[in-house]
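Here are my notes on the model you sent over. Have the structure open while you read, and follow along point by point.

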Amino acid sequence: MGNHRLLPAIGTIPLPDDNTEKYMEYNLKQNDETKKILAAITEGNTLTLTMEEKDIQAMVTRISDHHIHMDLDDGNGRKGINVYVADDNGKKIIVINGMPYYIEDDDSHRFAKNKKRSGANIPDVVTPPMPAIVISVLVNRGDRIEKGQKLVVLSAMKMETTLTAPFGGTVTKVNAKEGDKVAPGDILVDIEKEE
Amino acid sequence: MDRNSGIMFKKILVANRGEIALRIMKTLREMDISTVSVHSDADINAAHRLFSDQSVYIGKSAPKESYLNMAAIIKAAKETGAEAIHPGYGFLSENADFAALCEKKKIVFIGPPAHVIKNLGDKTIARQIMIKSNVPVTPGMSEPETDISSLMKKAEELGYPVLIKAAAGGGGKGMRIVFKETDMKDACEAAEREASQAFGNGSIYLEKYLLKPRHVEIQILADTHGHVIHLLERECSIQRRYQKIIEESPSSALSDELRQAMGKAAVSAAKAAGYVNAGTVEFLLDMNNQFYFLEVNTRLQVEHPVTEMITGIDLVKHQIRIAAGEKLTLSQKDISAKGHAIECRIYGEDPENAFFPSPGKILFMKEPKGPGIRNDCGIYSGYTVPVEYDPILSKLVVHAENRELAIQRMIQALKDYVILGIKTPIPFLIDIMNSDAFKKGDTTTDFIDTHFPAWKPDKKDTALAYIAFIADELSKTVTQNPQSVKNSDFPTPWETIGFYRP
């Protein structure tokens, strides 16, 4: 090791400079479940992980930006798998055997949450669930509306969907018109909630 | 233009986009025919534009201004000197006015003559033709209707559930199933709007909705010399939102006898309609093995690859030869099936969320490879799937000795297919392939509602995904910050490569 280690395979994990075991704590979240995992780089390209009181060793070879090969050893034999990874909107998409996993770092999630108190993740707004085109706007400024009332008809990839009022109230502003391209997070209709 | 010369085309324009435009151009390349593609604003970076020998800009992103813009497409063909236009599926492929315009402008339309498209494209007239030639049809209307109260009355007569269909329709666009009277008005309006957007014609009609039918269709080829053959069946029962997602051939429901009978009915239907070129006669097969004419699709079908796999015949090649006036070189006795083929349509949509469209940027993709695997694909790593068009990304097709082996091959191919950045039904398709119902061949059009009503993925490898997360975080710092890895006497490529990002 150290100065005399063999030339590693392309993109293997570097040994920390001081060559000591460094544990890192990760709190990783999928949907609403968070798991604590301890990780240490124990050899040039090997990770030792502790998850739910189980130790797993993973020999990691990075093949490309989005492709990692892992040789796993959980004490019951070795198994090689290919995983495919991309960063997307603060999460990592990880595909294993055709199944996508959307995983985020819970620590950074908390941070992001504090910074951004309003916006797309709050259900009480009228925003498209995916990028779409506005087909028609069914309400005008000043309209009194009821909960569930149809507000905006959208089309994405030729499929129609209708956004409805999350609560009753008065329309204070309409921010979209026919033909507009809209995306998740865009508030299409502002509603003053009825007390 | 009438061609009986049999002289092959030198240049053909493909009036379509995505995977089908690519698939057609691949055969054109094999035939040594130059390829012209067309593209809209949204498709400047689309794979079909990049693949073609020449590409012509035909308008803004909205389909009406580009891929449905007849004048612009004709102009593109004239300017580039293309002698023929292949319309693919969707868009103008079943538009009789477009076929007629091509004839008028002396450009060969690769498909049936305009009047045949017109007759068969109007699903109500098609029903009348079939009734006359003794092909059985489902109970329903033989005239389109726009008046809501008349439609309500007719629905009452047929008895709910009824199926609203677009007279100009296909591919499930403008189609709605209605179980009760109170839903009828909204459903008709939505169907009209969808049909008008997809086909430029909002006419709708009603058919009795058959319970638990199978969707079985027969591929036909007809030349300009009166020769018609069929190329066996495709079973396309597994659908979501009335659009097929899995197709296979042979159908596990057909006996040889029934196959012969349906093939014969399809050939007589084609002859009765004066059909020319490749087409598909669709039937519904009920629980008692009675079959009913559904419609004729006067174009190359999305699912044509399963037929190509089991028969070994390139349908596009025959379409082009027929359009050039050549005689069909195949006769009925040349057609036989070898093994079993399955196709899974890979849409950009979220199977966990009612198959909602999921357009966006593909951050990375890797196609499956191996014996008996074919992927007709219109996307690539870095490509942004636009919101304006049909969400089909690719069609994954496998061929194996028998159905059981084809299923196993499909499962492995799906597991080996990586698309990062947008949602796809790949995990859902894997679960269907693994299900007992599919393995038994218990495939009816209500398959998904019956067997997968509220599908949720089984994320059984979450622990591995966590490991992968950490592995990615820790090994990525090397590629992003090569300055931090000055700890080796032997510089690795990562240390010398700088900030290069593949």
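This is a predicted model: local features need pLDDT of at least 70, side-chain atom pairs count only at pLDDT 80 or more; totals for chains, interfaces and linings use all residues.

1. For chain B the mean pLDDT is 91, with 93% of the residues at 70 or more. The stretch to treat with care is residues 478-502 of chain B, where pLDDT is below 50. Even so, that stretch makes 31 contacts in the model beyond near neighbours in sequence.

2. Now find the sheet. Chain B has an open sheet of five strands, and reading across gives β3-β2-β1-β4-β5, with parallel pairing. Which strands stand at the edges? They are β3 (54-59) and β5 (108-109) of chain B; each has a single partner strand, so one side of each has no neighbour in the sheet. As a reminder, strands of a sheet pair through backbone hydrogen bonds, in either a parallel or an antiparallel way.

3. Strand β1 (residues 11-14) and strand β4 (residues 84-86) of chain B run parallel and are joined by three bridges.

4. Next, look at two helices of chain B, α4 (residues 96-104) and α5 (residues 114-121). Their axes are 8 Å apart and the packing angle is about 175°. Angles over 145 degrees count as roughly antiparallel, and α4(B) and α5(B) are therefore roughly antiparallel to each other.

5. What do these helices touch each other with? From α4(B) come B:Ala96, B:Ala99, B:Ala100 and B:Glu103, and they meet B:Ala114, B:Ile117, B:Lys118 and B:Gly121 of α5(B). Sorted by type, the residues of this contact are five nonpolar, one polar and two charged.

6. Zoom out to the domains. Chain B is assigned domain 1 (11-110), domain 2 (139-208), domain 3 (347-392 + 400-442) and domain 4 (462-496). Notice that domain 3 is written as two segments, 347-392 and 400-442.

7. Finally, see how domains 1 and 3 of chain B meet. Their centres, taken over C-alpha atoms, are 27 Å apart. In the contact, 13 residues of domain 1 of chain B face eleven residues of domain 3 of chain B. On the domain 1 side, the elements giving two or more residues are α1 (18-30) and α2 (47-51) of chain B. Of these, α1(B) gives the most, with four residues. That side divides into five nonpolar, five polar and three charged residues.

Methods. Residues are numbered from 1 along each chain as its sequence is written. Chains are lettered from A and ligands numbered from 1 in the order in which they are written. Domain bounds come from an automatic or database domain assignment. Two residues are in contact if their C-beta atoms, placed from the backbone, lie within 7 Å. Ala, Val, Leu, Ile, Met, Phe, Trp, Tyr, Cys and Pro count as nonpolar, Asp, Glu, Lys and Arg as charged, and the others, Gly among them, as polar. Axes are lines fitted to C-alpha atoms, for helices over the stretch in contact, and angles run from 0 to 180 degrees between N-to-C directions. Angles under 35 degrees count as roughly parallel, over 145 as roughly antiparallel, 65 to 115 as roughly perpendicular and the rest as oblique. Two strands pair if DSSP finds at least two bridges between them. pLDDT is the predictor's confidence in each residue, from 0 to 100.
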